[in-house]
Amino acid sequence: AFAIKGLTLQLEGDANDYVGKGLSGGKIIIRKPREAEYGKSIIAGNTIMYGATSGKVYINGIVGERFAVRNSGASAIVEGVGNHGCEYMTDGFVVILGAVGRNFAAGMSGGTAVVLDVDDSLEDNCNMDLILLEKPTKGNMDRVKKMISEHLEYTDSMVAKEIMDNWSKYRNKFKRVIPARYKEIAEIKTDKVS
């Protein structure tokens with residue numbers, strides 16, 4: 001919790017609830033045991049990155065409920081999340097290489113989540129009150145590819161390796177979850193800079 005810039009925490013094995021609570025600049029890497037040969041599995045608990053403000057998280061597996069709730073600036077990559085993911089998120093960038101549970105993005109007013117939606121089920125699990133589901137921008141996808149590459153480097157993720165080895169197959173299966181008002185504000189800022 002509260003890991004600061006310059007601190008890197010690496011865990012080989014599973015973690016419990018509240019990993020990275022209030023994360024403020026540090027890097028957290030959670031990976032499966034090196035001898036494990038399975039693909040996706042649950043590796044960490046609930047309420048990960050609650051209230052994070054900055055920093056990076058790489059998780060080699062699926063996590064529980066309320067992932068990245070109230071995230072206001074950190075980035076993360078994970079291989080699946082339980083119910084209520086990205087709830088009340090206000091900023092940050094989250095990549096999910098797998099399924100999300102119900103009520104995803106409820107109350108999300110900022111930030112961006114990019115989800116690998118292989119079975120086209122994302123919309124069924126999203127709370128659509130404030131968000132848009134759309135194709136990621138080129139800039140989003142450049143960032144996603146870089147994060148997947150880092151995820152593979154840090155965790156030896158079989159999921160990341162499969163995606164990187166077959167990028168042309170997977171790249172069009174990503175969807176961007178972004179709050180409508182947040183998108184409008186970002187576009188206004190971009191227009192002013194141009």
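A residue is called buried here when its relative accessible area is under 20%, exposed when that area is over 50%, and partly exposed in between (1.4 Å probe, protein chains only). The model is a predicted one: local features need pLDDT of at least 70 and side-chain atom pairs count only at pLDDT 80 or more, while totals for chains, interfaces and linings use all residues. Residues are numbered from 1 along each chain as its sequence is written, and side-chain values use heavy atoms, with hydrogens and water left out.

Let us begin with a pair of charges. Both Glu134 and Arg176 are buried, and they form a salt bridge whose closest N and O atoms are 2.2 Å apart. The term stands for a side-chain nitrogen of Lys or Arg within 4 Å of a carboxyl oxygen of Asp or Glu. Because Glu134 lies in strand 9 (residues 131-134) and Arg176 in strand 10 (residues 174-179), the pair ties together parts that are 42 residues apart in sequence. Strands (E, at least two residues) and helices (H or I, at least four) are DSSP runs, numbered from the N terminus. By the salt-bridge rule, the count comes to 11.

Among the buried residues of helix 2 are Met141, Val144, Ile148 and His151. Asp142 forms a salt bridge with Lys138, the closest N and O atoms being 2.9 Å apart. These two are 4 residues apart in helix 2, so about one helical turn separates them. Asp142 is partly exposed at 44%, whereas Lys138 is exposed at 65%.

Asp156 forms a salt bridge with Arg31, with 3.2 Å between the closest N and O atoms. Since Arg31 lies in strand 2 (residues 24-31) and Asp156 in the loop between helix 2 and helix 3 (158-165), this pair ties together parts 125 residues apart in sequence. Arg31 is buried at 9%, while Asp156 is partly exposed at 46%.

Finally, turn to the cysteines. The whole structure holds 0 disulfides, a disulfide being a pair of cysteine sulfur atoms within 2.5 Å. The sulfur of Cys86 is 9.2 Å from the closest cysteine sulfur, in Cys126, which is too far for a bond. Cys86 is buried at 0% relative accessible area, and Cys126 counts as buried at 11%.
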